[in-house]
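Dear colleague,

I am handing over the structure we spoke about, and my notes on its pockets and aromatic contacts follow below it. Please read them with the model open beside you.

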Amino acid sequence: MESQKIIIGVAGKTFSGKTLASDFLVSRFSARHIRISKLIERLLEILALEDTLENKQKLSSVLKSIYGNGVLMHALLDSTEHNDKLLFVFDGLRNMEELQELKEHGQCTLIYIECSTEKRLERFSKQQNKIVSEKDLQDFDQSQEDNQIETLKQYSDFTINNDGTEAQLENELTRCIVQSLG
Amino acid sequence: MFVIGVIGSKGAGKDTLAAHISKSFHTGHHSHSEIYHDILKILKLPESRVNLIKLVELRKTFGENILINALNKKLRKDNKEVQVLTGIRFQNELDNIRSYEKNLVIYIDAPIEQRFKWLKERGKYNDDSSGYDEFLRLETEETEKHIQDLGEQADYIIQNTGDLAELFRKTDEILKPILKP
């Protein structure tokens with residue numbers, strides 16, 4: 001009997017805690033971690049371009065404009081074919097087309113990680129090593145093209161609020177996985 | 001690093017020549033389009049002509065030196081004393097080769113009918129008029145139309161008559177004194 005690959009998509013704005021969530025799912029459920037951003041980083045390296053946010057966005061944009069919005073997902077999904085693992089965590093979905101690619105591929109569960117602006121500000125400040133304002137965060141969100149990320153929330157199978165502790169996040173994530181595998 | 005550039009229109013024999021130089025003189029061997037092929041491989045997309053041409057869009061986004069910078073990085077990584085570069089299609093690509101202190105450029109030329117004939121033999125075109133029309137059309141494309149002008153800037157122009165032994169002999173005559181003094 002052919003085992004079916006299970007894909008967990010994790011989406012959320014930067015500083016929502018989605019990477020933490022993805023890391024947990026990978027270690028707890030022995031999943032393969034597919035970092036969507038890693039593909040772009042690899043391409044930047046080949047093109048001898050500096051690994052900056054601006055270059056990542058420009059490259060991502062131009063590739064999507066010439067090959068369609070699902071181009072990155074297509075490449076990443078292809079790599080799951082040659083992998084023994086059954087569970088894959090796709091970390092960093094940014095828009096509907098990427099979700100569509102995943103859904104077309106097979107069973108896919110989308111988990112959306114959200115958290116309050118205050119919490120995000122707190123994490124952003126920690127990373128920047130200074131106090132950042134809400135305006136700074138808004139500008140940052142805009143640069144990340146986060147408006148499309150938010151639309152994924154309505155299509156998610158589970159929305160988890162990450163304003164609490166790490167333990168609370170992990171409990172919620174476990175609940176989602178158990179529910180979707182059940 | 002000594003960089004040898006091989007310029008030639010489609011089907012003229014530049015890759016055949018580059019392979020010979022690489023084998024005989026133990027050099028590295030790269031083509032400009034290689035970077036595009038690398039990208040398509042990573043994206044798991046077919047390395048078709050259509051997909052390759054689309055990547056020229058990268059020049060508009062990142063500047064016309066994007067391919068050159070990527071290629072130079074590859075050459076540095078290779079760490080070989082002599083490198084052969086083919087697929088030179090634009091002035092800046094030729095200028096890049098000239099920017100290396102030790103460089104040499106060879107232009108391999110063949111009559112247009114001969115090139116079409118060889119490409120047909122390789123199965124690239126059908127044996128009918130539509131094939132030839134298609135070939136002529138591609139000769140006028142952005143990636144092909146400057147090649148002759150670039151060729152005129154080469155250090156050596158070699159005519160490929162189809163006799164490979166002759167072609168290799170002429171090339172060895174040029175390169176031996178330079179690479180194996």
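The second largest pocket is lined by 34 residues, and those nearest its centre are B:Lys10, B:Arg49, B:Leu52, B:Arg89 and B:Glu144. Please bear in mind throughout that this is a predicted model. Two or more residues of that lining come from each of helix H1 (14–25), helix H2 (34–42), helix H3 (49–54) and H8 of chain B. The volume of the second largest pocket is about 880 Å³, and its lining divides by class into 10 nonpolar, 12 polar and 12 charged residues.

The largest pocket has a volume of about 1100 Å³. Its lining is made up of 39 residues, of which A:Thr14, A:Lys18, A:Ser37, A:Arg94 and A:Gln144 lie nearest the centre. Helices of chain A that each supply at least two residues to this lining include helix H2 (36–46), helix H6 (117–128) and helix H8 (146–151), while the largest share, 6 residues, comes from H3(A). By class, the lining of the largest pocket holds 9 nonpolar, 18 polar and 12 charged residues.

Turning to the aromatic rings, the count comes to 6 aromatic pairs over all chains. In one of them, the ring centres of A:Phe15 and A:Phe140 are 5.6 Å apart and the planes meet at 40°, so the pair is tilted. Because A:Phe15 lies in the loop between strand S1 (6–11) and helix H1 (18–28) of chain A, and A:Phe140 lies in helix H7 (residues 134–143) of that chain, the pair ties together parts that are 125 residues apart in sequence.

In chain B, B:Phe116 and B:Phe135 form a tilted aromatic pair, at 5.3 Å centre to centre and with 35° between the planes. B:Phe116 belongs to helix H7 (residues 112–121) and B:Phe135 to helix H8 (residues 129–139) of chain B, so this pair ties together parts that are 19 residues apart in sequence. B:Phe116 has a relative accessible area of 7% and is therefore buried, and B:Phe135, at 0% relative accessibility, likewise counts as buried.

Finally, there are charges placed over rings. The charged end of A:Arg28 sits over the ring of A:Phe29, 5.0 Å from the ring centre, and B:Arg59 lies over the face of B:Phe90, at 4.2 Å from the centre of that ring.

With best wishes

Terms used:
Residues numbered from 1 in each chain as written. Chains lettered and ligands numbered in written order. Predicted model: local features only at pLDDT ≥ 70, side-chain atom pairs only at ≥ 80, totals over all residues. Heavy atoms only, no water. Phe/Tyr/Trp six-rings, centres within 6.5 Å; stacked < 30°, edge-to-face > 60°. Helix = DSSP H or I, 4+ residues; strand = E, 2+ residues; numbered from the N terminus. Buried < 20%, exposed > 50% of the residue type's maximum accessible area, 1.4 Å probe, protein only. Lys NZ or Arg CZ within 6 Å of the ring centre and 35° of its normal. 1 Å grid on protein atoms, 1.4 Å probe; cavity = no way out; pocket = protein on both sides within 12 Å on 5 of 7 lines; lining within 4 Å. Points joined across faces, edges and corners; volume = space filled by probe spheres on them. Nonpolar A, V, L, I, M, F, W, Y, C, P; charged D, E, K, R; others polar.
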